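Please examine the sequence and the three-dimensional structure shown here. The paragraphs below it are intended to be read alongside the model.

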Amino acid sequence: MKVRMNLKINNYDKFIDEVIEKYHFDKNNKSELKKIYNNLMDCVKPLAAYKINQKVTGIKLIDDCQAAVVCMTMGKGPDILKETYTKNKELDKAYMMDCIANELLMKMYVEFNNMYSRFHRRYVKRYVFIGEEITTEKIPDIIEDIKGNASYNVEIGSMDMNCEECVKDDFIVSANKYGVMEPTKSVVFYALLTENPNQICEGICDNCNNKNCENNPLYVEETDEE
């Protein structure tokens with residue numbers, strides 16, 4: 001399926017404060033960061049395409065459970081905006097935009113998790129990224145497989161406007177033989193699924209509080225032993 005996603009930040013003032021803290025910006029940069037955030041939000045087109053893995057990866061971790069192979073992108077907008085800043089020799093703004101875009105991309109994982117559970121009654125419990133178990137050289141083939149087999153869905157998604165033609169025209173993710181993706185703010189991963197809502201993944205592991213996740217050091221696997 002190919003779907004449009006939602007990247008709206010409910011409290012973007014707090015979001016900007018988090019960017020300032022994480023990337024060690026000066027608090028005096030807040031006004032400029034807000035402007036760049038608004039410019040970025042005007043041009044992003046967050047989309048996802050995914051399909052159920054057919055258990056052909058050869059990776060036991062992935063093939064032994066139900067999993068979806070996913071490609072997400074923010075579209076060409078961030079690359080174009082960064083190039084504009086760079087051409088104008090506004091390198092500080094280009095860097096700020098890159099940091100904000102990275103954090104928004106992290107938000108897309110959470111959005112995908114929530115969206116998938118709402119509409120498929122399955123929950124993302126863990127990610128397997130390309131480069132961990134699967135080499136990056138596989139990325140071009142994986143992307144083409146997703147794009148070629150995922151049907152358009154005009155119902156799933158968090159935005160009011162999610163028409164087939166919009167999604168169809170905008171999903172232009174590609175990768176070279178080394179796995180370098182265009183647009184650059186794009187990712188490919190396998191989402192391992194479960195029917196247990198208590199195992200739902202909160203997103204990328206940084207600051208995650210889910211103690212039921214296998215990735216958490218405090219996780220203890222349930223057994224039938226009493």
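This is a predicted model: local features need pLDDT of at least 70, side-chain atom pairs count only at pLDDT 80 or more; totals for chains, interfaces and linings use all residues.

Residues are numbered from 1 along each chain as its sequence is written, and side-chain values use heavy atoms, with hydrogens and water left out.

The protein contains seven helices and seven strands. These elements are DSSP runs numbered from the N terminus, helices being H or I of at least four residues and strands being E of at least two. Read from the N terminus, their order is β-α-α-β-α-β-α-α-β-α-α-β-β-β. Of the 226 residues, 45% count as buried; buried means under 20% relative accessible area, exposed means over 50%, and partly exposed lies in between, for a 1.4 Å probe and protein chains only. Among contacts between residues at least 6 apart in sequence, 75% join residues at least 24 apart, a contact being heavy atoms within 4.5 Å.

Helix packing may be considered next. Two packed helices are described by the angle between their axes and the distance between the axes. Here the axes are lines fitted to C-alpha atoms, for helices over the stretch in contact, and angles run from 0 to 180 degrees between N-to-C directions.

Helix α2 (residues 30-41) and helix α4 (residues 77-87) have axes that come within 9 Å and cross at roughly 135°. The two helices are therefore oblique to each other; angles under 35 degrees count as roughly parallel, over 145 as roughly antiparallel, 65 to 115 as roughly perpendicular and the rest as oblique. On the α2 side the contact is made by Ile36, Asn39 and Leu40, and on the α4 side by Pro78, Leu81 and Tyr85. By class, this contact has five nonpolar residues, one polar residue and no charged residues. In this scheme Ala, Val, Leu, Ile, Met, Phe, Trp, Tyr, Cys and Pro are nonpolar, Asp, Glu, Lys and Arg are charged, and the others, Gly among them, are polar.

Helix α2 also packs with α5, at an angle of about 60° and with the axes 10 Å apart. This crossing, too, is right-handed. Glu32, Leu33, Ile36, Tyr37, Leu40 and Met41 of α2 meet Lys93, Met96, Met97, Ile100, Ala101 and Leu104 of α5. The contact of α2 with α5 comprises 10 nonpolar, no polar and two charged residues.

Another residue of helix α2 is Lys34, which is partly exposed because its relative accessible area is 24%. Lys34 touches Tyr12, Asp13 and Ile16, residues up to four places away in sequence not being counted. The C-alpha atoms of Lys34 and Tyr12 are 8.4 Å apart, although the two residues are 22 apart in sequence.

Within helix α5 (residues 91-120) lies Asn113, which counts as buried because its relative accessibility is 1%. Its side chain makes a polar contact of 2.9 Å with the side chain of Tyr127. A polar contact is a pair of N or O atoms within 3.5 Å; within protein, one must be able to donate a hydrogen and the other to accept it, and residues adjacent in sequence count only if both atoms are side-chain atoms.

Ser186 belongs to strand β7 (residues 186-194) and is buried, with a relative accessible area of 7%. The side chain of Ser186 makes a polar contact with the side chain of Thr73 at 2.8 Å. A polar atom of the Ser186 side chain also lies 2.7 Å from the backbone oxygen of Pro183. Leaving aside residues up to four places away in sequence, Ser186 touches Met72, Thr73, Val173 and Met181.

Most residues other than glycine have a negative phi, and most peptide bonds are trans. Pro183, in the loop between β6 (181-182) and β7, is joined to Glu182 by a cis peptide bond with omega near -5°. His24 has a positive phi, near 60°, in the loop between α1 (12-23) and α2; His24 is exposed, with a relative accessible area of 70%. Arg121 likewise has a positive phi, of about 55°, in the loop between α5 and β4 (123-129). Arg121 is exposed, with a relative accessible area of 53%.

Notes: A crossing is left-handed if the near helix is turned anticlockwise from the far one by less than a right angle, and right-handed if clockwise.
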